[in-house]
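The following exercises concern the surfaces where parts of a protein model meet. Please examine the sequence and the structure before reading each solution.

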Amino acid sequence: MSLETESTPEQIQSAASDEVVISLNEVNKWFGEFHVLKDIDLSVYKGERIVICGPSGSGKSTLIRCINRLEEHQRGDILVNGVTLDSNLKNIDAIRRDVGMVFQSFNLFPHLTVLENCTLAPIWVRNMPKREAEEVAMEYLTRVKIPEQAEKYPGQLSGGQQQRVAIARSLCMSPQIMLFDEPTSALDPEMISEVLDVMVELAGTGMTMLCVTHEMGFAKRVADRVIFMDFGEIVEQNTPEEFFENPKSDRTKLFLSQILAH
Amino acid sequence: MSDAPTTSDGLRVFKPKPSLPPPPATTGVIGWMRFNLFDGIGSSITTVIGLLLLGFLAISFYEWAFVRGVWEAASRQECRLSPTEFGTCWAGVEFWFTRFIYGRYPDAEIWRLDLMAIVFIAWMAPLWAPKVTAKVMVGLSAILVFPFMAGYFFLGGDRNWFMAIMVAVSMTWFAGTMIHVAACLLTGKGLGHWIITLSGFSSRDDRTHKYPLLMAAVVAFGIVYFVIQSWQLPIVGTNHWGGLFLTLVISGIGIASALPAGIVLALGRRSEMPVIRVMCVTFIELFRSVPLITILFMATTMFPLFLPEGVVFNKLASAIVAVCLFSAAYMAETVRGGLQAIPKGQYEAAEAMGLGYWQSMGLIIMPQALKLMIPNIVGSFIGLFKDTTLVSIIGLFDLLGMISAISQDPQWIGLHHEPLFTAALIYFIGCLAMSKYSQHLERKLGAGDRR
């Protein structure tokens, strides 16, 4: 998948500080016998925007799913906002409250309206009064440019609109970190840009973002750092300019030549 | 192509073609008949034969039920000697009809059953009125609180302290519900709103609003409790219960308990805690692999053997427990099927937002799963409603039991066909109503699924 590299608009100003919000230390994970993540070390700074790419099965989705404990790692430490992720349910809940996630398949709740999708977690997890939650939700729905769809059900929206609702739904919990798991892979080509626009705008607000994506145009424009993974390892990480112009490993070069070939 | 409109920079303007109606003769009644009934020689012959068969059955039935029907007679003998000969003896059904419905319940006390039927309908009906608020509360109380009042009206006699409290609670709740419904229909605001407004709490913090509500509830309960304290109904033992009334009691309790128990069992079966999982699997498999009739026999004949001497367990109670356990086991598997149909992404999205297990189950998974399960759940309910006829084998006189009792009445001895037809009709109406309502519910709840 590619975007015309020529027309890339100006780079978004980096908001990264030197405060570490996520740190992964020698993280290992297995699915049964299959070793998915191998000795992952990674520090994410507050406000930093990271794009993770790599071939399918390289462990990139599993990596970000470990950060909010949708997957359990078997060895190593993960610290999010200074809280260690272990089997302690309180820690897991605390981390999930601060970490928003957007999925490839949107995962909106089909039995609730768009507005209800957005207010559910603030009301039940943050104990926010309904009226206030609705105001917050409408604010974010306006930011993703679909306030007029608030009373519809997800099934009545297009894929791009659904994904924007999913982003708004996560933002309603006012997270400090946003995880994106291939947010545009399930979309029709004409809808990809409307979702990317929202993500670019979000990047402009200084949100800490980890995006698994193959949208290289997005990576060039927004990312502070691009991480390339294969076989459960971080093969290479660098600034987007260096990463695309001057890859350090042969595997990265091959990958880039394949995805930028068309 | 050359005269097609172009834009200023020479591009052809794309304009979609308009949508046209489908060709005639493929739609409408004629089109439907041509395609479905008379599509070729074979199909036409089948249609004609089918129609003839249907007509023959209809005529035969008409002759049996109406032409030969005898509506006024004092005994079966009189029916047989009627002018049409071997008349169809509806007179017997008529004579016994009250018994079909109420069993051997004393005539003087039948008003109690009628009253409870009216109360139940009045309690449930607001659920279908769009203006009424707090419907969950109304519906839940009808299922959880109403049974205490109904139980006392059915049985009568002394009330121990627990029943005394619960009957009063139940009556207070019913009165409150009725006032609430009236308030909603007349003023558009519920009872809670009026209590808060009239007590002057509406200007205060939202958190203090529960105090006047609580006060009102306690005062109302106190009044009801003391008013009905010395009031008592004559006792009517469960051995007098019977007919459609008994069928509804057993299947009603079975239906009301099957769904919650089934949900708990299904969640237990999917639990990650091995002890809970093994217990639930054992329970489900045990009760599903034994016929209901065996469970009924065991409950009424074997179970008392394990009880200490002198403790007598009511036959009806043990039958109800047996039916509940059996239907819970079946319902558990229905619910599990529904849970498995929910995509993994829904669980993940709920988890990722920080919802706990019970929150994600109650708010996300169950509402979707239950909607998918409606046809199966109603199927189980219909099955349960019909399966209660088995209790006639352990000596309870449910609707079917009363139907066979008529044939032993000396006056109507040997009268089988007509009462059985009546029972079939009653069951058919009950089941059809449930089935139709479930279809309606599916359509109504399917609103979010339109894609």
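**Exercise 1.** Which residue of chain B meets the side chain of A:Arg65 in a salt bridge?

*Solution.* The model is a predicted one. The partner is B:Glu348, with an N to O distance of 2.5 Å. Between chain A and chain B, the count is 2 salt bridges.

**Exercise 2.** Describe the interface between chain A and chain B.

*Solution.* Step 1: contacts. On chain A, 23 residues touch 21 residues of chain B. There are 7 residue pairs in polar contact between the two chains.
Step 1: elements. On the chain A side, β6 (99-102) and α3 (114-124) each give two or more residues, and α3(A) gives the most, with 4 residues.
Step 2: classes. This side of chain A comprises 13 nonpolar, 6 polar and 4 charged residues.
Step 3: area. About 2000 Å² is buried between the chains, and carbon and sulfur atoms give 60% of this area.

**Exercise 3.** How is chain B divided into domains, and which residues of domain 1 lose the most area to domain 2?

*Solution.* Step 1: domain 1 covers 71-105 + 238-451, and domain 2 covers 107-235.
Step 1: the area buried between these domains of chain B is about 890 Å². In domain 1, B:Tyr102, B:Tyr105 and B:Trp241 lose the most area, together 58% of what that side buries.
Step 2: the count between the two domains is 1 salt bridge. The side chains of B:Asp107 and B:Arg99 form a salt bridge at 3.3 Å, N to O.

Methods. Residues numbered from 1 in each chain as written. Chains lettered and ligands numbered in written order. Predicted model: local features only at pLDDT ≥ 70, side-chain atom pairs only at ≥ 80, totals over all residues. Heavy atoms only, no water. Contact = heavy atoms within 4.5 Å. Buried area = accessible area lost by both parts, 1.4 Å probe. Salt bridge = Lys/Arg side-chain N within 4 Å of Asp/Glu carboxyl O. Polar contact = N/O pair within 3.5 Å; in protein donor to acceptor, adjacent residues only side chain to side chain. Nonpolar A, V, L, I, M, F, W, Y, C, P; charged D, E, K, R; others polar. Domains from an automatic or database assignment.
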